[in-house]
Amino acid sequence: MANLKGTGIIKNITPIGGGKYRISFVEDTFTGINIPNSQNIVYQTFTDSLVLMDPYINTPNFTYSDFNAVINNALVPRQSEIFWDLDYSTNAIQAVNQQAIITASQQGGDLPKAFIQDYNYQSTPILRRNYLGAKSTSPDFNELSIEGGFGQLPVVQSEGYYFAFFNWVGGTSPEWGNEIADRSAVNVRYYIGEDGNVIEPINDSNGINLSIVQQNFEQDSNAILSFNDKGGTTSQFTNLEGKHKIFKSGQIPQPIAYSQTASISNTEPGGFIPILSFVQGDQQEGATNDFRLIAYANSAILQNVGTLSLNNQYLGTQGTFVANVYGTSLAASATTLPTTLTFKAYIEDKIGSLNGSDATFFIQKNTNGAGWVNVSQNGQVITPGVTNAVLLTYSDQNSLTTDEYRVQVTDTNGGQGQFVDVSTNSYFKVIQTPPPGIGSVGPSAVAPNTPLNYWELVGSVNQTKIIKPKALLDVYGQRQENVSGSGFNPITFDFNVQVGDEIRFLGTETQTYTVVEVKNNQSPPHIVFDRNVNLTNTQMNWFLHRRYVTDPSYLILEVDKPSGGTSTGVLTPEYFYGETEEKVDSILKELTRDNLI
């Protein structure tokens with residue numbers, strides 16, 4: 001056998017038996033020896049199975065060497081030990097051997113197995129990716145996962161696209177906190193987007209501005225504060241700079257009612273005023289006559305006509321309420337300041353998602369026994385699943401002691417289906433103008449009121465979460481007059497307790513309780529807190545009733561605000577959209593140039 005020397009690009013290698021291989025080269029690539037194009041060179045192995053390739057490179061076991069370009073290529077797929085082979089050779093929709101396989105599987109038979117790898121249906125990575133799926137769990141947005149996850153990246157990110165340019169940072173005392181500690185309220189002038197668009201922080205009718213604020217500065221997330229003070233006048237507020245948790249986003253605490261006149265004290269009973277006065281807005285009061293009624297509905301399924309069942313919560317001294325019918329012991333129209341009575345009835349269906357029978361409601365009046373007459377606007381109809389609540393109103397300037405009033409179900413049309421199920425949120429109220437001259441209420445009230453504590457426990461100390469208004473019951477629904485020199489913001493809301501309100505006692509946040517339920521169908525209304533009350537009735541005389549009111553111009557941070565005034569500055573979300581963050585300085589320069597900041 002001649003030794004040939006040369007180099008070339010191998011086209012293919014074919015075993016021809018007897019330890020010989022046919023090596024074909026790509027045309028015109030073999031050099032160093034004159035071999036006609038497309039001819040083959042055959043090399044023969046030696047007895048030790050050496051194949052001489054280049055030529056005479058001692059490579060043992062060529063078939064399994066690095067020189068074999070087709071090593072490990074499977075010419076025939078591995079056959080499954082589990083899955084049978086379906087034959088679609090003559091029918092692309094239904095296998096022609098389908099019934100044979102079904103029969104074999106039921107009777108323990110055997111058929112040819114499919115040429116697939118069982119690994120594809122048993123391997124955890126393949127099963128999870130293609131069939132089982134994978135779950136990544138994170139405690140919150142922008143936090144690392146506690147299960148699954150993407151390494152050091154959060155499972156779900158929420159980034160802010162707006163930053164806040166603020167006027168100043170102030171304290172929240174006495175509405176939240178006291179002279180010892182409080183929160184920091186950031187008063188925002190503008191919210192600014194990545195394209196430089198400016199949003200004024202006002203409450204718009206659709207709540208769009210508030211939504212932008214609360215999405216970019218989420219409550220319980222973090223924000224980063226920096227002052228725009230080159231002269232160093234805010235050096236005393238270094239504790240405010242940096243990252244802080246957002247306590248309230250687009251909200252600010254406002255007083256609803258309070259007796260507190262001093263901050264937390266080690267002495268009792270100081271710190272509160274024992275007499276409070278209430279008015280109804282700025283209206284003139286009418287002597288001592290109280291015609292008011294607040295009655296909430298008893299839950300009932302309405303199948304027949306009849307008078308709406310109500311539970312008296314509050315009844316004024318000149319009102320009567322017997323068998324769901326309201327009357328007066330004194331002619332309202334004949335008082336010194338003639339009194340107008342306004343009747344309001346709100347009825348709500350407890351099961352509003354179901355279709356069914358309907359019910360028609362009217363406010364009715366009976367004058368001197370002449371018979372009941374519909375006096376409210378045209379009958380209001382509740383149809384479950386269509387109209388789930390109605391409001392009826394009627395005003396009477398000529399009410400006499402012989403007049404009676406009620407809320408009547410005049411029709412329950414429909415027959416089959418879900419009848420109207422009246423919610424206990426439904427009510428019947430009598431409001432008077434001018435409001436009653438109740439006088440002062442509280443532990444030191446004078447005639448005609450009996451001195452009473454402002455609140456009263458429903459149960460024992462440390463064993464109940466429920467309180468009820470005591471001296472405050474007579475003024476429930478009216479507005480408290482501001483206490484001079486108290487330091488609180490002016491009161492702008494009528495006194496009533498709502499879910500989410502907070503009541504603080506003894507001037508300390510450690511004695512703050514959150515309202516989780518108001519049982520209006522109790523008389524007086526029962527107020528349910530988030531935890532047991534560890535105070536006596538007397539200790540609860542020192543109180544603040546506050547509500548978080550929506551205001552896009554405020555962001556409250558969980559950091560104490562030292563006394564003194566601050567400069568302007570910027571507040572950004574902790575997770576800030578990168579392109580917006582890079583543009584902050586240039587955006588501020590443009591707004592400064594345009595005299596917007």
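A charge is said to sit over a ring if NZ of Lys or CZ of Arg is within 6 Å of the ring centre and within 35 degrees of the ring normal. Arg183 meets this rule above the face of Phe247, at 4.8 Å from the ring centre. This is a predicted model, in which local features need pLDDT of at least 70, side-chain atom pairs count only at pLDDT 80 or more, and totals for chains, interfaces and linings use all residues. Residues are numbered from 1 along each chain as its sequence is written, and side-chain values use heavy atoms, with hydrogens and water left out.

Rings also meet other rings. Rings of Phe, Tyr and Trp (its six-membered ring) pair if their centres lie within 6.5 Å; planes under 30 degrees apart count as stacked, over 60 as edge-to-face and the rest as tilted. The count by this rule is 22 aromatic pairs. One of them joins Tyr296 and Tyr427, which is edge-to-face because the centres are 6.0 Å apart and the planes stand at 65°. Tyr296 belongs to strand E12 (residues 293–297) and Tyr427 to strand E25 (residues 427–433), so the pair ties together parts 131 residues apart in sequence. Strands (E, at least two residues) are DSSP runs, numbered from the N terminus. Both Tyr296 and Tyr427 are buried, meaning under 20% relative accessible area (1.4 Å probe, protein chains only).

Tyr326 and Phe343 make another edge-to-face pair, 5.9 Å centre to centre with 75° between the planes. Tyr326 is buried, with a relative accessible area of 1%, and Phe343 is buried at 0%.

Tyr427 has a further contact: the charged end of Lys429 sits over its ring, 4.4 Å from the centre.

Key: Helices (H or I, at least four residues) and strands (E, at least two) are DSSP runs, numbered from the N terminus. Buried means under 20% relative accessible area, exposed over 50%, partly exposed in between (1.4 Å probe, protein chains only).
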